[in-house]
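Here are some friendly notes to read beside the model. Please keep the structure open as you go through the points.

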Amino acid sequence: MNISYLTLIIITLVIGLGTQALIRGAYKKWNRVAVSTGITGAEAARRMLDAHGLHQVSIQSVSGSLTDHFDPRSNVVSLSQDVYSGRSVSATAIACHECGHAVQHAQGYVPAKMRGAIVPAVNFASNIWIFVLFAGLFMQMLGLIYLSIILYLAVIAFQLVTLPVEFDASRRALGYIKTLGQLPDQQVGGARTVLRSAALTYVAAALTSLLYLVWLLGYTRSN
Ligand SMILES: [Zn+2]
């Protein structure tokens, strides 16, 4: 496959913007639907954590939109304001997804452990690989170009191991939402849609990185 760098940028831009639009669309749609439990995202999170015996995990509200995350170091579930105080299907779905990560951490879920273990190396590699690549291209040193590819592989490995972690957190979230028994099928389906579209952004990121890798390998071959 021999595509120009410009084509590559356009393709990845379309993938990135397309998935962003998809997640925002799904989130907005189900954010307008009141969840039939009538509880906020924070309350849903507390219930799911307690149901798994995770009373020590705390929940806090953070600024921004779709900034929700779980920090395994502090054992804190952070929810964006809309999710924290929202009483929508979207709020419940995302709050429970973040709790899914807390449950993974508590149960020693292996892909999540692997992901956590490679974070420092990946941070280093993701900061430096592009400079190594440009240095290699500038000085016409194939060794440096190969080194940049190895560093880049670490970044891709991280993105690939992120996929099972994210899918599993959503699976745990949906599993818990179903046990509530208070949500009609349509709302469970809505929660599934929100979580699937959120997972798509991780798939898109991994796909984009793989495309760059293929391009990079093609480039080193032809030069
Ligand atoms: Zn997640």
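1. Let us begin with a helix pair. The axes of helix H6 (residues 142–180) and H7 come within 10 Å and cross at roughly 170°. H6 and H7 are therefore roughly antiparallel to each other, since angles under 35 degrees count as roughly parallel, over 145 as roughly antiparallel, 65 to 115 as roughly perpendicular and the rest as oblique. Axes here are lines fitted to C-alpha atoms, for helices over the stretch in contact, with angles taken from 0 to 180 degrees between N-to-C directions. The contact of H6 with H7 contains 23 nonpolar, 5 polar and 3 charged residues. In this classing, Ala, Val, Leu, Ile, Met, Phe, Trp, Tyr, Cys and Pro are nonpolar, Asp, Glu, Lys and Arg are charged, and the others, Gly among them, are polar.

2. A word on what you are looking at: this is a predicted model, in which local features need pLDDT of at least 70 and side-chain atom pairs count only at pLDDT 80 or more, while totals for chains, interfaces and linings use all residues. Residue numbers start from 1 along each chain as its sequence is written. The mean pLDDT of the chain (the predictor's confidence in each residue, from 0 to 100) is 92, and 98% of the residues reach 70 or more.

3. How many helices and strands does the chain have? There are 7 helices and 3 strands; both are DSSP runs numbered from the N terminus, with helices (H or I) of at least four residues and strands (E) of at least two. From the N terminus on, their order is α-α-β-β-β-α-α-α-α-α. The C-alpha atoms fill a box of roughly 60 × 35 × 25 Å along the principal axes.

4. Now the sheet. The 3 strands form an open sheet in the order S1-S3-S2, with mixed pairing; two strands pair if DSSP finds at least two bridges between them. Strand S1 (58–62) and strand S2 (69–71) are the edge strands, each pairing on one side only. On average, neighbouring strands are turned by 25° against each other, direction ignored. S2 and S3 pair in the antiparallel sense over 3 bridges, and His69 has Ser78 in S3 as its bridge partner.

5. Which helices pack on this sheet? Helix H2 (residues 41–51) touches S1 and S3, and its direction makes about 160° with that of S3. Helix H4 (residues 89–107) touches S2 and S3, and its direction also makes about 160° with that of S3. Contact between two residues means that their C-beta atoms, placed from the backbone, lie within 7 Å.

6. H4 also packs with H7, at an angle of about 60° and with the axes 9 Å apart. That makes H4 oblique to H7. H4 passes H7 in a right-handed crossing (left-handed if the near helix is turned anticlockwise from the far one by less than a right angle, right-handed if clockwise). Among the residues in contact are Val89 and His97 of H4 and Gln187 and Leu195 of H7. The contact has 6 nonpolar, 5 polar and no charged residues.

7. Finally, H4 meets H6 at about 115°, with the axes 7 Å apart, and this crossing is right-handed. The H4 side includes Cys96 and Cys99, and the H6 side includes Asp168 and Arg172. By class, the contact of H4 with H6 has 9 nonpolar, 6 polar and 2 charged residues.
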